[in-house]
Amino acid sequence: MKLRAKTLALWLALAIPAFGATGWILGDRMLAAKTVSGPGLIQTNAEIGGPLQLIDSKGNPVTEAAFGGKPAILYFGFTYCPDVCPTSLQTVAEALDALGKDGEAVQPIFITVDPKRDTPEIVGDYAGAFHDNMVG
């Protein structure tokens, strides 16, 4: 697939905040054994990626295999988030729509960081409210 400059810029605008949120949320899970910190500095050897073990909106287990190798946008948030989560998810939805056919090739996924309050059904309804293809 050949990306135009406008499409690439749009993807970068989405990817940078999404990956930043991912790193912040996953924190300890992503850190390797060595961490150096000081005033205004945190340096670490991060281990990013790996298998997913999630629960879908119907309570069924889901792994990365369920998405058939499609490129995906993972967003980590919670349904009681008052402003950042809905604003960011709306931005993701608008970007996917702006990409047209290319956007259909991307799987948007919302993953809660508050599973005690966000039941699978609530997460599914919440994600679906932002984009028809978004799964929770």
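A salt bridge here is a side-chain nitrogen of Lys or Arg within 4 Å of a carboxyl oxygen of Asp or Glu. The model on screen is predicted, and by that rule it holds one salt bridge.

Select Asp 114 and Arg 117 to see it: their closest N and O atoms are 3.0 Å apart. Now colour the pair by accessibility. Asp 114 counts as buried because its relative accessibility is 17%, under the 20% cut-off. Arg 117, at 43%, counts as partly exposed.

Next, show the whole chain as a cartoon. The protein has four helices and six strands, and from the N terminus the order is α-β-β-β-β-β-α-α-β-α. Among contacts with a separation of 6 or more, 64% join residues 24 or more positions apart.

Go on to the largest nonpolar core, a set of 14 residues. Select Leu 89, Phe 110, Tyr 126 and Met 134, which touch the most other members. Strand 5 (72-77), helix 2 (84-98) and helix 4 (120-130) each give two or more residues to this core.

Centre the view on Phe 110. Beyond its neighbours within four places in sequence, Phe 110 has contacts that include Tyr 75, Phe 78, Leu 89, Val 123, Tyr 126, Ala 127 and Met 134. Apart from the core around it lies another, of five residues; select Val 62, Phe 67, Phe 76 and Ile 111, which are among them.

The accessible area comes to about 9,000 Å², with 59% belonging to carbon and sulfur atoms. Of the 136 residues, 28% count as buried.

Definitions and conventions. Residues numbered from 1 in each chain as written. Predicted model: local features only at pLDDT ≥ 70, side-chain atom pairs only at ≥ 80, totals over all residues. Heavy atoms only, no water. Buried < 20%, exposed > 50% of the residue type's maximum accessible area, 1.4 Å probe, protein only. Core = buried A, V, L, I, M, F, W, Y, C linked by side-chain atoms within 4.5 Å. Contact = heavy atoms within 4.5 Å. Areas by Shrake-Rupley, 256 points an atom, 1.4 Å probe, with all protein chains shown as cover.
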